[in-house]
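Trainee: I would like a close look at one residue and its surroundings, and then at the aromatic rings of this model. Please take me through them slowly.

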Amino acid sequence: MKVVLQRTTGCEVRIDGKQHSAVGPGLLLLFGTVEGDTAASCVWLADKILNLRIFEDEGGKMNRSALEIRAEIMIVSQFTLYADTRKGRRPSFNGAMAPDQAEKLYDTFVEEIQHSGLTVASGVFGAHMDVVFTNHGPVTFILEHGVSQP
């Protein structure tokens with residue numbers, strides 16, 4: 001399982017030109033799964049993300065977590081995180097989890113983040129979405145847990 005975490009001043013998901021969801025300052029999480037991933041990785045990643053000290057304190061050091069600053073969180077499914085680009089010119093998505101299984105894990109991950117009590121919004125699994133945000137810092141981290149793509 002892989003999450004690209006980006007600190008943001010705000011984020012909006014648009015579907016068919018209309019706003020579907022939006023959050024204020026906090027995090028954008030792009031979420032992808034690979035065959036063999038389990039709900040245990042959702043729990044581990046949610047805990048890691050919520051407690052990772054990536055927001056500045058009064059001294060300007062990354063010393064505060066999303067929980068501490070009451071960050072708002074947008075979660076968007078993105079199967080392209082597991083694209084294999086090693087051969088040829090066209091990405092292969094053979095390693096990505098099948099959509100029916102991936103959607104269940106996506107829902108589990110969203111629920112785990114929602115348990116935090118923070119404001120949480122999401123995109124629509126499998127939809128063509130426009131994600132509009134400003135990467136604040138810029139700060140971007142890639143977190144992985146569970147099965148790795150070969």
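Mentor: Happy to! Contact here means heavy atoms within 4.5 Å. Please keep in mind that this is a predicted model, in which local features need pLDDT of at least 70 and side-chain atom pairs count only at pLDDT 80 or more, while totals for chains, interfaces and linings use all residues. Residues are numbered from 1 along each chain as its sequence is written, and side-chain values use heavy atoms, with hydrogens and water left out.

Let's begin with Gln6, which belongs to strand β1, residues 2-15 (strands are DSSP runs of E with at least two residues, helices are H or I runs with at least four, and both are numbered from the N terminus). With a relative accessibility of 13%, Gln6 counts as buried (under 20% relative accessible area, with exposed over 50% and partly exposed in between, using a 1.4 Å probe and protein chains only). Leaving aside residues up to four places away in sequence, Gln6 touches Gly26, Leu27 and Leu28, and also Phe133, Asn135, Val139 and Thr140. With Thr140 there is also a polar contact between the two side chains, at 3.4 Å (a pair of N or O atoms within 3.5 Å, where within protein one must be able to donate a hydrogen and the other to accept it, and residues adjacent in sequence count only if both atoms are side-chain atoms).

Now for the aromatic rings. Searching the whole structure gives 4 aromatic pairs (rings of Phe, Tyr and Trp, the latter by its six-membered ring, pair if their centres lie within 6.5 Å; planes under 30 degrees apart count as stacked, over 60 as edge-to-face and the rest as tilted). In one of these, Phe31 and Tyr106 have ring centres 5.9 Å apart and planes at 50°, so this pair is tilted. Phe31 sits in strand β3 (residues 26-32) and Tyr106 in helix α3 (residues 99-114), so this pair links distant parts of the chain, 75 residues apart. Phe31 and Tyr106 are both buried.

Phe31 also pairs with Phe109: the ring centres lie 4.7 Å apart and the planes meet at 20°, so this pair is stacked. Because Phe31 is in strand β3 and Phe109 in helix α3, the pair ties together parts that are 78 residues apart in sequence. Phe31 and Phe109 are both buried. Together with Phe125, the residues Phe31, Tyr106 and Phe109 form one aromatic cluster.
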